[in-house]
Amino acid sequence: MWVEFPLSEAYRASLTSGEIPGPREKTGEKTREKTRDRILALIAEQPTITTAELAKHIGITAKGIEWQLGKLKADGRIRRVGPDRGGHWEVVESSDE
């Protein structure tokens, strides 16, 4: 059985104009570090901020925020104090500054 899916007019126009949508570019380490810095700044301003609020401010998915928070925790840059609901984040001051 053969199934055909019609292409939208906008997609067809992009094909003929040479603007073919390509694969997403991989995010570089610099971009990830900027994102982590923004997360740290937001946590410093509002320790009770949620992952959903972080996602909205940063402009990435909640899953992406969870991944970034995991990296920050693993690096010892933040820690969670208290329970998931009702707790807060703390930015850990590094001793080498």
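## Helix H2 and its buried face

In this predicted model, the residues of helix H2 that are buried are Thr35, Arg36, Ile39, Leu40, Leu42 and Ile43. Viewed along the axis of H2, these buried residues fall within an arc of 165°, and therefore they line one face of the helix. On the other side of H2, the exposed residues are Lys30, Lys34, Ala44 and Glu45.

Helix H2 covers residues 29-45, which gives it 17 residues, and from its first C-alpha to its last it reaches 24 Å, close to the 24 Å expected at 1.5 Å a residue. The partners against which the buried residues of H2 pack are helix H3 (51-58), H4, strand S1 (78-81) and strand S2 (88-91).

## The protein as a whole

The secondary structure of the protein consists of four helices and two strands, and from the N terminus on these elements follow the order α-α-α-α-β-β. Of the 97 residues in the protein, 20% are buried.

Where contacts join residues at least 6 apart in sequence, 36% of them link residues at least 24 apart. The accessible surface of the protein is about 7900 Å², and carbon and sulfur atoms account for 53% of that surface.

Note on methods:
Residues numbered from 1 in each chain as written. Predicted model: local features only at pLDDT ≥ 70, side-chain atom pairs only at ≥ 80, totals over all residues. Heavy atoms only, no water. Expected span 1.5 Å × (residues − 1). Buried < 20%, exposed > 50% of the residue type's maximum accessible area, 1.4 Å probe, protein only. Arc of directions from axis to C-beta. Contact = heavy atoms within 4.5 Å. Areas by Shrake-Rupley, 256 points an atom, 1.4 Å probe, with all protein chains shown as cover.
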